[in-house]
Amino acid sequence: MSSSASYKTARRELPAHDPVTDRVRATWTAGDFGRIATGYARGAAEFIARLELEPGERVLDVACGTGNLAVPAARRGAAVTGIDIASNLVAQARSRAAAEKLPISLDVGDAEQLPYENGSFDTVVTMFGAMFAARPERAAAELLRVTRPGGRIAMANWTSTGFIGQMLKATVAYVPPPPGLASPLLWGVDDAVRVRLGGGLSSLTLTRRLMTFEFPFAPEQVVNEFRLWYGPTLRAFAALEEEDRNSLRLDLERLWWENNRATDGTTRVESEYLEAVGVVH
C-alpha cells in the first residue's frame with residue numbers, strides 16, 4: 001500500500017510515444033463511444049447527484065468521455081474540468097457543453113499523467129474511465145495527486161461479477177489482453193481499491209450499486225451497436241477470423257437476452273458496479 005507521504009510527488013512524465021498509451025488511445029478513439037454512453041446517462045447523473053456538489057466546487061472528470069459526469073456536474077454550478085485520452089470524445093463533450101452553454105473546460109490527455117498541479121481540485125470523479133488505464137498504479141497516484149487535502153475521489157468501476165464484467169470476460173476469452181497488464185475489473189474489487197488508493201485517503205466508502213443500460217431496440221441490435229461503436233468490442237471483432245466473430249457475437253447476444261428486463265422489444269439491462277468514494281489526507 002502506498003504511504004500517505006508519497007502520493008503528492010510531482011507528476012511523472014511518460015515517453016512521448018509510449019506504446020501502452022498509444023494502444024489505449026487507439027482503443028477509445030475507435031468507433032463512437034458516445035452512442036454507448038447515452039445508454040446509461042441517467043445513472044451517471046444519479047452518481048453525480050449523490051455527491052451533492054456545491055456551486056463553485058472545483059471538479060475534475062477523469063476519462064470524461066462525452067461528458068456523462070461533467071455535464072450534470074456543471075449543471076449543479078460546479079467549476080468542471082474534463083479530460084480524456086480520445087480527442088473525438090472530448091469534441092463531443094465540448095459540443096454538449098456548448099449546446100447547454102455550460103462553462104466546462106475540456107482537455108485531451110492521459111489519466112496516467114494529468115496536466116494539472118498538485119491539489120488542483122476539490123472533487124475528482126471518474127466513471128468506467130480511469131479503470132481502463134493500462135497502469136493502474138500510475139492512474140491511482142494521479143487521482144490522489146491532483147485532489148486537494150480534504151477533497152474527494154469518487155470512482156465508478158465495473159465488477160467482474162456484474163453484467164459488463166461478464167461481457168468483458170466473454171470478449172477476452174476470444175481476444176486475450178497483452179501479457180503483463182492487470183485486468184481493469186480489479187478496480188471493481190474492494191481490496192484492490194484499498195491497496196491502490198488507501199494510503200492516500202483518510203476514509204473510503206465502498207458501495208455496490210446497479211447501473212441500468214437502456215436502449216430503444218432489441219438485444220441483437222445492442223450487440224451490433226457495441227460491435228460497431230464501442231472501442232474494445234470493435235477492436236476485438238476486428239482481430240478475429242469470421243468463425244470466431246460469429247461465435248463471439250452469438251455469445252454476446254445470448255448474454256444480453258438472458259439479462260434483458262424489458263418485454264416491449266427494447267433493452268433494459270442492469271450491471272453491478274463498485275462506487276468508491278474516498279477523502280484525501
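1. A pocket, as meant here, is an open set of grid points with protein on both sides within 12 Å along at least five of seven lines. Keep that in mind for the next points, and remember throughout that this is a predicted model.

2. Let's start with the largest pocket, then. It holds about 780 Å³ of space. Its lining runs to 29 residues, and those closest to the centre are Val172, Pro177, Pro178, Pro184 and Pro232. If you want to find the spot on your screen, those five names will take you there.

3. Which helices supply at least two residues each to that lining? They are helix 1 (19-29), helix 7 (163-172) and helix 10 (231-238). Helix 1 gives the largest share, with five residues. By class, the lining of the largest pocket is made up of 22 nonpolar, three polar and four charged residues.

4. You'll find 31 residues around the largest cavity, with Ala63, Cys64, Asp84, Phe128 and Gly129 nearest its centre. Helix 1 and strand 2 (79-84) are the elements that give two or more residues to this lining.

5. Helix 1 turns up again here: four residues of the lining of the largest cavity come from helix 1, and that is the largest share. Sorted by class, the lining of the largest cavity has 19 nonpolar, seven polar and five charged residues.

6. The second largest cavity has a volume of about 90 Å³. What classes of residue make up its lining? Eleven are nonpolar, with no polar and no charged residues. Have a look at Trp28, Phe33, Ile36, Tyr40, Phe128, Phe132, Trp158, Ile164, Phe213, Phe226 and Tyr230, which form that lining.

7. Strand 6 (residues 201-215) pairs with strand 7 in the antiparallel sense over 14 bridges. One place to look is Glu214, whose bridge partner in strand 7 is Arg268. Strand 7 (residues 267-280) is also joined to strand 5 (residues 147-158) by seven bridges, and these two run antiparallel as well. Here Asn157 stands opposite Leu274 in strand 7.

8. One residue I'd pick out is Arg145, which sits in helix 6 (residues 136-146). Is Arg145 buried or exposed? Its relative accessibility is 2%, so Arg145 counts as buried, the cut-off being under 20%. Tyr116 is 29 residues away from Arg145 along the chain, yet the C-alpha atoms of the two are separated by 9.1 Å.

9. Stepping back to the whole chain: there are eleven helices and seven strands. The C-alpha atoms fill a box of roughly 50 × 40 × 35 Å along the principal axes. A compact globule of 281 residues would have a radius of gyration near 19 Å, so the 18 Å of this chain agrees with that.

10. Two last figures for the chain. Of its 281 residues, 51% count as buried. Among contacts with a separation of 6 or more, 79% are between residues 24 or more positions apart.

Definitions and conventions:
Residues numbered from 1 in each chain as written. Predicted model: local features only at pLDDT ≥ 70, side-chain atom pairs only at ≥ 80, totals over all residues. Heavy atoms only, no water. 1 Å grid on protein atoms, 1.4 Å probe; cavity = no way out; pocket = protein on both sides within 12 Å on 5 of 7 lines; lining within 4 Å. Points joined across faces, edges and corners; volume = space filled by probe spheres on them. Nonpolar A, V, L, I, M, F, W, Y, C, P; charged D, E, K, R; others polar. Pairing = 2+ DSSP bridges. Rg over C-alpha atoms; globule rule 2.2 N^0.38 Å. Buried < 20%, exposed > 50% of the residue type's maximum accessible area, 1.4 Å probe, protein only. Contact = heavy atoms within 4.5 Å.
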